[in-house]
Every structure is written in C-alpha cells, then in structure tokens.
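Colleague: Hi! Could you walk me through this one?
Modeller: Happy to. Here it comes.

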Amino acid sequence: MENSKQIILFDGVCNLCNGAVQFVIKRDTKDSFRYAALQSEVGQRLCSERGIDTSQVDSIILIEPGVAYYVKSDAALEIGKQLKGYKTLSSILQWIPRALRDIVYDFVARNRYKWYGKKEACMVPTPELKSKFLD
C-alpha cells in the first residue's frame, strides 16, 4: 500500500457514498486518494488497526497513513481541501464547530439509504479506475 496516498473508506453499498467517490475521483487532479469499501477485507483491516468502530462511523473515513485518520464531517472537509475548487469552501466550513457539523452529517448518514437508495453489492470499479481501489 502506498503511504503517499490518502485512503478514503466508504460504504460500498450506499448510492450517496458511491456518488461521492465518483465526485472525488473526477476532481482529484493530483491523484492523492485511494479507495476501499468499509465492507471489504482491506476496509475492515484498516479500521481494526486504528480501533475505529464501524457501528459508530459507517459512511466515510479518511486515512492519512502514518499520520492520522478523520471521520464524519472532518473526513469530508479534509477530502474537500484536496479537490480543485473546494479548498476554500472546506476551510471556511471547518470554522463551524465539529459538534454542529456532525449533527448535520449524522442526520444525512442516518437517512442516506432512504433518500438515495442502496445497492445489493459493493461497487465494482471500471478497469480504468481499478488501480485507484485497494483490494
């Protein structure tokens, strides 16, 4: 696993999460990220190694190997800081206290299947994108 790449763990069966991953891939002009579903063996191992309880955080996690990991709104904003055109917005939103940001984040996360639907299985990346996903 490349330590220079940040890892985005996401709910592989969530349509909203899959859409977010596609959004990030299109805007990740520096090729900063690699991806894995939380449900995958790699996702489970990475969470376990960090003591992350996926029953409490089950939608998005950002891991900076050897540095830190971020969950919930912190993860989303840290990802946004790396995307072309979203650095300023993410930096401004970080001024909002985490507790308030996470209330909104948790509300969306709790309702994501109802609002956006759910897949039967994790997304399978196209051959062109396969190198960005961890097996």
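**A chat about patches, helices and salt bridges**

Modeller: Leu 89, Leu 93, Ile 96, Leu 100 and Ile 103 make a nonpolar surface patch of about 430 Å². This is a predicted model, where local features need pLDDT of at least 70, side-chain atom pairs count only at pLDDT 80 or more, and totals for chains, interfaces and linings use all residues. Residues are numbered from 1 along each chain as its sequence is written, and side-chain values use heavy atoms, leaving out hydrogens and water.
Colleague: What's a patch here?
Modeller: Patch residues have over 30% relative accessible area and no salt bridge; like charges are joined within 9 Å, and nonpolar side chains (Val, Leu, Ile, Met, Phe, Trp, Tyr) within 5 Å. The areas come from the Shrake-Rupley method with a 1.4 Å probe, and for residues only the protein chains shown count as cover.
Colleague: Which helices each supply at least two residues of the nonpolar patch?
Modeller: Helix H4 (87–93) and H5 do. Leu 93, for one, sits in H4. Helices (H or I, at least four residues) and strands (E, at least two) are DSSP runs, numbered from the N terminus.
Colleague: And how do H3 and H5 cross?
Modeller: The axes of helix H3 (residues 72–81) and H5 come within 8 Å and cross at roughly 95°. Therefore H3 and H5 are roughly perpendicular to each other, a label for angles of 65 to 115 degrees (under 35 is roughly parallel, over 145 roughly antiparallel, the rest oblique). Axes are lines fitted to C-alpha atoms, for helices over the stretch in contact, and angles run from 0 to 180 degrees between N-to-C directions.
Colleague: New topic: how many salt bridges are there?
Modeller: The whole structure has 10, each a side-chain nitrogen of Lys or Arg within 4 Å of a carboxyl oxygen of Asp or Glu. One of them joins Asp 31 and Lys 5 (3.4 Å, N to O). Asp 31 is in the loop between H1 and strand S2 (33–37) and Lys 5 in the segment before strand S1 (6–10), so the pair ties together parts 26 residues apart in sequence.
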